[in-house]
Amino acid sequence: MRRGVLIGLVLLAGCAGPQVKTAQVPPVEAPGTFRVDLGPGVPVTAEWWRSFGDAQLAALVEEALARNADIGIAAARVREARAQQDLARSTMLPSLDAALGATDSRTISPFGTPVVQRAAQPQLQAAWEVDLFGRLSDQVSAARSGWLASQAARDAARLSVASATANAYVTLLALDDRLALARRTAETRKGSRDLIKRRVDVGYSPKLELQQAEVDYQAALVLVPVLEQARAKAENALSVLAGRVPGPVDRAAGLAALTKPPVPEALPSQLLRRRPDIAQAEYQLAATDSNLAAARKRFLPSLRLSASAGVAFSNLLANPVGLWSIGGSILAPLFEGGRLRAGAEVAGAQRDAAAFGYRKAALTAFREVNDALASVDGLDRQVLIQTAQRDALAEANRLAGNRYREGYSPLLEQLDTQRGLLSAELALIQARADALNARVSLYQALGGGWSAADMQGAQ
């Protein structure tokens with residue numbers, strides 16, 4: 001008899017619920033190499049921002065990691081997911097409750113006499129659902145995977161905030177350099193305008209040259225308030241990233257204070273294990289698999305055991321009376337109006353969404369690394385070209401100035417070279433900032449030194 005019951009339970013477990021059709025998602029295979037090969041690189045460390053050689057940058061990033069609101073929100077979600085895991089585990093343990101009932105009554109006995117009774121009944125009640133087919137274990141597994149996914153999401157938020165802070169810092173230094181250049185240029189052009197004005201006053205130069213010099217001076221001067229406004233906004237944004245009230249930010253004196261870090265090591269075979277967002281997608285997929293298994297097992301019977309023990313006290317009893325009960329119940333779903341089947345379909349759809357989400361995260365990771373490598377390579381070459389262009393324009397401006405002073409060429413020739421030189425210097429500053437930000441993006445795309453072992457060590 002007992003053997004037959006066990007065989008029946010095994011058969012029930014084998015046909016747990018309807019077969020839920022799930023999508024066949026193609027696996028993601030790492031490419032052999034990335035499209036751009038920058039040669040051997042250095043390993044990515046957890047504190048990769050220190051490779052820029054700026055103490056102010058390092059301090060800002062670490063402050064942002066400690067105080068940023070988005071990271072705080074992600075940490076709170078980790079705490080919530082951990083509590084959800086503990087809640088799921090609690091369903092596998094018996095529950096024990098204490099109850100105390102007391103009455104004070106006056107009734108009439110069958111003989112017509114009043115009966116006054118004072119009674120109390122303390123009681124302990126225990127209940128336990130036996131995890132016959134593993135449904136509760138699947139729920140615990142899903143909750144644990146959700147907790148691990150929340151930790152990976154927190155680490156992804158930390159990496160994003162660190163990268164955004166570094167990018168904002170580099171952008172702010174570039175704005176400082178552009179503003180300093182605009183102020184120097186305006187001051188130089190003001191001196192040229194004043195010199196030409198004196199020449200016009202004594203009749204050495206036509207008045208048209210004075211107007212041309214005035215136009216160029218104002219063109220340089222108008223850049224100053226524009227860049228000051230952009231710099232103030234950049235400081236405010238960087239302050240908020242660091243968890244501060246918007247305000248000034250202490251920083252180095254321009255992009256020259258930063259060291260261009262070496263290119264980090266980029267191995268396609270390791271990428272899927274080095275990014276927290278991919279780990280998050282993987283854990284979310286595992287959670288939906290467990291939820292689907294639990295949803296199918298809800299079609300199977302559940303077994304609940306219960307017991308209670310107590311003592312009855314009454315002034316009508318000579319001695320207290322002990323009370324107890326032991327029992328069990330089997331609940332098998334027969335008709336639920338489609339609720340269980342719909343729940344299984346929901347779980348199957350969530351599993352498909354998580355599977356496609358994992359594939360998308362993996363493909364996006366390979367694209368971002370390829371994009372970042374291409375940006376590092378292209379922007380480094382662009383800086384070299386624009387440096388050569390700036391140097392050529394600087395020499396042309398020097399020669400044009402000499403020709404104008406010697407009377408061999410009109411002022412317009414010198415003004416043209418000055419305009420070209422200013423544009424080239426502004427573009428060079430932007431190219432240098434973009435090249436540094438491309439390295440930040442590459443560090444972020446490679447996972448910023450993150451590993452699953454670091455997350456497990458923090459559990």
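Let's start with Asp 155, which counts as buried because its relative accessibility is 12%. Buried here means under 20% relative accessible area, exposed means over 50%, and partly exposed is in between, using a 1.4 Å probe and protein chains only. The model is a predicted one: local features need pLDDT of at least 70, side-chain atom pairs count only at pLDDT 80 or more, and totals for chains, interfaces and linings use all residues. Residues are numbered from 1 along each chain as its sequence is written, and side-chain values use heavy atoms, with hydrogens and water left out.

So who is the partner of Asp 155? The side chains of Arg 154 and Asp 155 meet in a salt bridge, 3.2 Å from N to O. By salt bridge I mean a side-chain nitrogen of Lys or Arg within 4 Å of a carboxyl oxygen of Asp or Glu. Arg 154 is buried too, with a relative accessible area of 17%, and is found in helix α4, residues 135-201. Helices (H or I, at least four residues) and strands (E, at least two) are DSSP runs, numbered from the N terminus.

How many salt bridges does a search of the whole structure find? The search finds 29. Side chains of opposite charge can pair when their charged atoms come close.

Take Glu 63 and Arg 244, whose side chains meet in a salt bridge at 2.8 Å, N to O. Glu 63 is in helix α2 and Arg 244 in the loop between α6 (223-241) and α7 (268-271), 181 residues apart. Glu 63 is buried at 17% relative accessibility, while Arg 244 is partly exposed at 29%.

Next, Arg 304 forms a salt bridge with Glu 129, with the closest N and O atoms 3.5 Å apart. Arg 304 lies in strand β3 (residues 302-314) and Glu 129 in strand β2 (residues 114-130), so this pair ties together parts 175 residues apart in sequence. Arg 304 is partly exposed, at 43%, and Glu 129 is buried, at 13%. There is also a network of salt bridges linking Asp 176, Arg 231, Glu 235 and Arg 251.

Now for the rings. The whole-structure search finds three aromatic pairs. Rings of Phe, Tyr and Trp (its six-membered ring) pair if their centres lie within 6.5 Å; planes under 30 degrees apart are stacked, over 60 edge-to-face, and the rest tilted. Phe 34 and Phe 366 are a tilted pair, because their planes are at 45°, with the ring centres 6.5 Å apart. Phe 34 lies in the loop between α1 (2-14) and α2 (55-67) and Phe 366 in helix α9 (residues 339-405), so the pair ties together parts 332 residues apart in sequence. Phe 34 is buried at 7% relative accessibility, and Phe 366 is buried at 7%.

Trp 48 and Tyr 443, on the other hand, are stacked, 5.4 Å centre to centre with 15° between the planes. Trp 48 lies in the loop between α1 and α2 and Tyr 443 in helix α10 (residues 411-445), so here the parts tied together are 395 residues apart in sequence.

One last stop: the charged end of Arg 82 sits over the ring of Trp 147, 4.6 Å from its centre. For that label, NZ of Lys or CZ of Arg must be within 6 Å of the ring centre and within 35 degrees of the ring normal.
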